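Subject: Structure handover

Hi,

Here is the structure to look at. My notes follow below it.

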Amino acid sequence: MNYHLFQMINGAAGAHDPVDDLFEWTATWLIFVMAALTLVPGRTLLRTGVWAVPVRIGASLLLALGLGQAVGHLNHEARPFQTHVVHQLVPHASDISMPSDHATVAFALAFAVTAFLSRRWGVVLIVLATAVGFARVWVGVHYPGDILAGAVIGAVAVATMLGVERLLHHRTASRAPADSGSR
């Protein structure tokens, strides 16, 4: 099914140069636009020196990348262009296909912004992360399952950070001295 979905998406590549150009750009550069867009809802935090949210987002990204590397070491799936005839529109190293690092980072960023900063901007970034993932399949460097794995890893990383945050908050709250009311 993974290869069949890949064929459906990548099979349309190469027919219309302007469409290919758009997906080539999306597959390569949209992730940087996503990072810049994160500054829109985060600009007030940065101006006021509130670093907790950017640290949570950064930690989520680092955890997602670490998890992605671990999954990559457990997996030995070749990229589509290594084993099939495809429309490969962008150059790429012949390394492990799953998970997609681009999808992992894009979805981790989108989910982290949703969880820690702004649901509205998070939804925008989730749409853009989906576009990045689709484009990576269109240009022939990933299977759809690679993108799904990246999205799941991004979600797990953010969920882990939320869990750690709740645990730390619970521990801090339980250690706080009770207010006796007398002073």
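The buried residues of α3 are V53, I57, S60, A64, G68 and G72. Buried means under 20% relative accessible area, exposed means over 50%, and partly exposed lies in between (1.4 Å probe, protein chains only). These buried residues of α3 pack against α2, α5 and α7. Helices (H or I, at least four residues) and strands (E, at least two) are DSSP runs, numbered from the N terminus. α3 has 23 residues and spans 33 Å from first to last C-alpha, close to the 33 Å expected at 1.5 Å a residue. The expected span is 1.5 Å times one less than the number of residues in the helix.

Some ground rules. This is a predicted model: local features need pLDDT of at least 70, side-chain atom pairs count only at pLDDT 80 or more, and totals for chains, interfaces and linings use all residues. Residues are numbered from 1 along each chain as its sequence is written, and side-chain values use heavy atoms, with hydrogens and water left out.

Overall layout. The protein chain has seven helices and zero strands. Its C-alpha atoms fill a box of roughly 80 × 35 × 25 Å along the principal axes. Of the 183 residues, 37% are buried.

The core. The largest nonpolar core has 36 residues. Such a core is a set of buried Ala, Val, Leu, Ile, Met, Phe, Trp, Tyr and Cys residues joined through side-chain atoms within 4.5 Å. M34, I57, F107, F116, A129, W138 and V139 have the most contacts inside this core. α1, α2, α3, α5, α6 and α7 each supply at least two of its residues. α5 gives the most, with eight. F107 touches I126, A129, T130, I147, G150 and A151, leaving aside residues up to four places away in sequence. Contact means heavy atoms within 4.5 Å.

α6. This helix has 20 residues and reaches 28 Å from its first C-alpha to its last, close to the 28 Å expected. Its buried residues are G122, L125, A129, V132, G133, A135, R136, V137 and W138. Their cover includes α1, α2, α5 and α7. Just after α6, G140 takes a positive phi of about 90 degrees.

One more item, in α2. V33 sits in this helix and is partly exposed, with a relative accessible area of 31%.

Best regards
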